[in-house]
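Here is a short report on one protein chain. Take a look at the fold before reading on.

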Amino acid sequence: MAAIRLTCAVNNYHWGKHGLDSKAAQFAATNPDVTIDSSQTYAELWMGTHPSGPSNVYGTDTPLSAIVEECPEQALGAKVAGKYGATIPFLFKVLSIEKALSIQAHPDKALAERLHAERPTVYKDPNHKPEMSIALTDFIAMSGFRPLEEIAQFLDEYPEFRALVSQSSGPFLDALKGGSDVDAKKAVLKALFSELMNAPDAAVKEQLSLLLARVGQSDTGDELSPNALVQRLADEYPGDVGVFCVFVLNVLSLRPGDAFFMGPNDPHAYISGDCVECMATSDNVVRAGLTPKLRDVPVLVDMLTYEFGTPEAKLLKPVPFAGAKHSVVYDPPIDEFSVVKTALSDGQKEEIAVEGPQILIVSEGTGTLVDSEESHPLAPGYVYFIVANSSVVIETSEGSQLVAYTATCLP
């Protein structure tokens, strides 16, 4: 059988959406054994073989990992199995965000190995974790450092921000005026960010209180404005230094189908919305703000690349998927994964064939998935593992508009 339906794990992190407002909950509810509690948060649906949230063959207790490990060359393809061993090299997720989640970055491979060796209980594997998110609903995130001229403008407009970086703001502004080279600009940006993230708690709370008192009555009607974001994040995480990251990180506003890629050592935070997310198989996260979890500020400050630029530069545009009429591929600059989006109208169908393994989830509409042996039903939240070197056909039901996302490793 080329296509195997999966039951996928859902978790309840505090930042998730409540009940069936959550796409993760809606999709998890396709499993008849799952009951959704409207008072509970549902944050993530995990699709794959990661031990923290492994998927099972639908209706059984058989983990997907057992199928992969039994015959990795058949399940993953010879090239993928030869490179990554008996494990799917990516983890696919659905995220539903009601409350912002942490200012964070993911280590590159060398740093991940070192952190895992030094603190295995905190950094639980030695792998890197580049990741990509594709919006399912309107979605707001922060990613990468703003253009330095914007940060300079905020230093002028927000004295509370400047007060927390009083030692580094002068050299930062001087570097901009003096036409310094890129490396010098990155150095002063690092100094400014370090001073901000290491600011004493008492100073952060004092300046945030002053800031809220000054902008708390402002209402621009724009939820993406700095003032609106400050108020939102301060309500969710009172007294948290991460609120001030609004002034240093780009704010991204995504529509459904828009995507952005987060490479190693790239700061980011999700603020609201639902998305599909794909990443290398790892759970390594270095956090420094907007979180009740462990903050590792020294590591975060030291690990970042301090690349800066516009929000548009963070977006990843899809391109036509070779040989397909109704599909595009989001193909980030890493080896472990790509994601194919297939959008079909009434009466349309699409054949998908790749060398590597695939995990498919339907986000909208109904239809069938036809492999070489049988047809399988498709509906929102249905998830299938498709073994390597298989050709499957996605078809819509009569009158349906179907959207499916398929994570794969393109060897």
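Which residues does Ser363 touch, not counting residues up to four places away in sequence? The contacts of Ser363 are Phe27, Leu136, Pro380, Val403 and Tyr405. Contact here means heavy atoms within 4.5 Å. Ser363 sits in strand E19 (residues 358–364). Its relative accessibility is 8%, so Ser363 counts as buried. Buried means under 20% relative accessible area, exposed over 50%, and partly exposed in between (1.4 Å probe, protein chains only).

**Basis of the values**

This is a predicted model: local features need pLDDT of at least 70, side-chain atom pairs count only at pLDDT 80 or more, and totals for chains, interfaces and linings use all residues. Residues are numbered from 1 along each chain as its sequence is written, and side-chain values use heavy atoms, with hydrogens and water left out.

**Overall fold**

The protein chain has twelve helices and 24 strands. These are DSSP runs numbered from the N terminus: helices are H or I with at least four residues, strands are E with at least two. The radius of gyration is 22 Å, close to the 22 Å that the globule rule gives for 411 residues, so the chain is as compact as a globular protein of that length. That radius is taken over C-alpha atoms, and the rule is 2.2 Å times the number of residues to the power 0.38. The C-alpha atoms fill a box of roughly 70 × 45 × 40 Å along the principal axes. Of the 411 residues, 56% count as buried. Among contacts with a separation of 6 or more, 77% join residues 24 or more positions apart.

**Helix H11**

Helix H11 covers residues 226–236. Its buried residues are Pro226, Asn227, Leu229, Val230, Leu233, Ala234 and Glu236. They pack against strands E10 (139–145), E11 (249–254) and E13 (268–280). Helices H6 (148–157) and H10 (201–215) are also packing partners.

**Cavity and pockets**

A search of the whole structure finds one cavity of 30 Å³ or more. On a 1 Å grid over the protein atoms alone, a cavity is a set of points where a 1.4 Å probe fits but cannot get out; a pocket is an open set with protein on both sides within 12 Å along at least five of seven lines; lining residues have an atom within 4 Å of a point. A volume is the space filled by probe spheres set on the points, which are joined across faces, edges and corners.

| Space | Volume | Lining residues nearest the centre |
|---|---|---|
| Largest cavity | About 90 Å³ | Leu6, Cys8, Phe27, Thr30, Gly381 |
| Largest pocket | About 610 Å³ | Tyr13, Asp283, Val285, Arg287, Lys293 |
| Second largest pocket | About 280 Å³ | Phe261, Asp266, Glu307, Ala313, Lys314 |

Strand E1 (3–7) and helix H1 (23–28) each give two or more residues to the cavity lining. E1 has the largest share, three residues. In the largest pocket, E13 gives the most, with four residues.

**Cysteines**

How many disulfides are there? The count comes to zero. A disulfide is a pair of cysteine sulfur atoms within 2.5 Å. For Cys275, the nearest cysteine sulfur, that of Cys278, is 11 Å away. Cys275 is buried, with a relative accessible area of 0%. For Cys409, the nearest is also that of Cys278, 9.6 Å away. Cys409 counts as buried at 2% relative accessibility.
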